[in-house]
Amino acid sequence: MQNHRYFLLSLLAIALVSCATPKNASLADAHNSYNSALAHPEIMNLAATEINQANDLLNQADAASDAGASDDTVDQFAYLAKQQAAIALETARQKTAEAEIAYAAAKYNQIRHVEQSTETDIAEQQLKQLNARKTDRGLMITLPCAYNAQLQSGSLRNVDKLADFLNQYPQYDVSVEGHTDNIGNHSVNREVSERRSYAVRMALIDKGVGSDRIRTHGYADEFPVAGNDTTTGRQLNRRVEIILSDENGNIFPHPKAGT
Amino acid sequence: MMHSISLTAVVAVLITGCASIPAPTEQIAASKTALNYAADKGGREFAPLQLESAREAMNAAEQAMIDKDYRRAWQMAERARIDAHLAVTIARSAKTQKAARKLQEINLDLAREIDRKVQ
C-alpha cells in the first residue's frame, strides 16, 4: 500500500516535470530569454513595461502550445516573446548605464571642486613659505635690502620662489615697490628705491615671468615701517615690498602714493 | 462584446492559418520604417546580428506578399519589427554604456592628477 502510494507520487512528479519543460524548441528559447531578463536584479524597476510585454507574449505562446496550435503559431509567439525579453534586458542595462552617467557627472563636479580647493591650498602654502602677509592691499612679501640696490641672498631665494609661484599661476600680477631709509638726499633715495624694485623685476624676468605682469615703483623714504632714529629701524625701512594682485590681476595702488 | 469577437477571430486566423486574411500592407510599411531607423541609429555598428535578422525577416515578408501568403507576410513583418526594435535598443544601450565608461575614465584620470599634485 505504502509502496503503491510512492509509485503514484513519483509518476505525478514525472508528469509535472515534463509539463514544466516546453515541448517546442522555440518555446524553450523564449523561456530561457525571459528567465535571463528576470535574472537582472532591477528589471522590474527599470524595464517594467518591456518585461510585462514579454510575459504576455510568453503566456500567449504557452497557451497556443497548450491548445495544440500549429508549430508555426507557437514559434511566432515564442520568437516575439524571446526578442521582447531581450529588449527588456537591454533596456534595463541602458537605464543602469544612464544612472552611472548621472553618478559619474556628479562625481566629476565633486572631484573638480576638490581639485580647485587643492590648487588654492597649494598656492596658499607656497605663499606662506614666502612669508606673505595679509594687508589691506592684498598679500605682501617684504624683502630686506643691503645699503645698495643689491638684494640679499635670502631675498634672492624668495624671489625665485615667487617666480615659481607666478609661473604656475598666470592669473596673478605683482607690484614691486622699493623703499629706503631717510639718510641722504631725497632724489638719490628715490633713485635707489627704484633700482631696488628694478633688481627684483629683473630677477623675476630672468626666471621667466612676463615683464607685463610686473609693475615697479620707487617710494624713497616716504613710507617708513619703523623709526629712522635707530640702526635697526633704518634697516627695516630699506626694503622691497611685493604686492600680489587678486586673481584677476588687480592691484590696489598704495593708498598714500601720489601716482 | 465586439472586442472579444474580433480577438477570437484573430486567434482563429492564427491557429487555422486561414488564407482569407487581408494583405498586411501597413504592417510591412511599419516594419520597414523600424528597420531603417535601427540601421540609422547605430544598429549597423552595435547590433549587426539583430539587424541582419530583421533584414532577412523583411525580405521573407516581402516575398510572402508576392506569393500572396499574407499570414506568413504578417508573421515575418512582425519578426522584422521586433528584431529592429531589439537592434535599436542594443545600440542605444551600448552607446550609453560607452559614454558611462568614458566618464568614469575621465574621473579616474582627474583623481590621479590631483593625487600627483598633492604629493
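Me: Is D181(A) buried or exposed?

Reply: This is a predicted model, and the values discussed here are computed from it. Buried is the term for a relative accessible area under 20%, and exposed for one over 50%. D181(A) has a relative accessible area of 7%, so D181(A) is buried.

Me: Which residue does the side chain of D181(A) meet in a salt bridge?

Reply: The side chain of D181(A) meets that of R238(A), at 2.8 Å from N to O. This pair links distant parts of the chain, 57 residues apart: D181(A) is in the loop between strand 3 and helix 7 of chain A, and R238(A) is in the loop between helix 8 (231–237) and strand 5 of chain A. R238(A) is buried as well, because its relative accessible area is 6%.

Me: Let us turn to the overall fold. How many helices and strands does chain A have?

Reply: Chain A has eight helices and five strands. Read from the N terminus, the order of elements is α-α-α-α-α-β-β-α-β-α-β-α-β. Of the 259 residues in chain A, 39% are buried. Contacts between residues at least 6 apart in sequence may also be examined: in chain A, 73% of them join residues at least 24 apart.

Me: In what order do the strands form the sheet?

Reply: As a general idea, strands of a sheet pair through backbone hydrogen bonds, either parallel or antiparallel. Here the five strands of chain A form an open sheet in the order 1-2-5-3-4, with mixed pairing. Strand 1 (133–135) and strand 4 (214–218) are the edge strands, each pairing on one side only. On average, neighbouring strands are turned by 30 degrees against each other, direction ignored.

Me: How many bridges join strand 2 to strand 5 of chain A?

Reply: Five bridges join strand 2 (residues 138–144) to strand 5 (residues 239–244), and the two strands run antiparallel. Within this pairing, L143(A) stands opposite V240(A), and I141(A) stands opposite I242(A). Strand 5 also pairs with strand 3 in the antiparallel sense, over six bridges. There, L244(A) is the bridge partner of V174(A).

Me: Why is strand 5 of chain A described as largely enclosed by the rest of the structure?

Reply: The description follows from burial: six of the six residues of strand 5 are buried, so the strand is largely enclosed by the rest of the structure. Both faces are covered, with R239(A), E241(A) and I243(A) buried on one side and V240(A), I242(A) and L244(A) buried on the other. Helix 7 (residues 186–206) lies across strands 2, 3, 4 and 5 of chain A, running at about 160 degrees to strand 4.

Me: How much area do chain B and chain A bury between them?

Reply: The size of an interface is often given as the accessible area lost when the parts come together. Chain B and chain A bury about 2800 Å² between them, 65% of it on carbon and sulfur atoms. The contact takes 30 residues from chain B and 32 residues from chain A.

Me: How many salt bridges are counted between chain B and chain A?

Reply: The count is two. In one, the side chains of R101(B) and E100(A) meet at 2.6 Å, N to O. In the other, D72(A) meets R71(B) at 2.4 Å, N to O. D72(A) lies in helix 5 (residues 71–129) of chain A and R71(B) in helix 4 of chain B, so this pair joins two chains. D72(A) is partly exposed, at 33% relative accessible area, while R71(B) counts as buried, at 13%.

Notes. Residues numbered from 1 in each chain as written. Chains lettered and ligands numbered in written order. Predicted model: local features only at pLDDT ≥ 70, side-chain atom pairs only at ≥ 80, totals over all residues. Heavy atoms only, no water. Pairing = 2+ DSSP bridges. Helix = DSSP H or I, 4+ residues; strand = E, 2+ residues; numbered from the N terminus. Axes fitted to C-alpha atoms, helices over the stretch in contact; angles between N-to-C directions. Contact = heavy atoms within 4.5 Å. Buried < 20%, exposed > 50% of the residue type's maximum accessible area, 1.4 Å probe, protein only. Buried area = accessible area lost by both parts, 1.4 Å probe. Salt bridge = Lys/Arg side-chain N within 4 Å of Asp/Glu carboxyl O.
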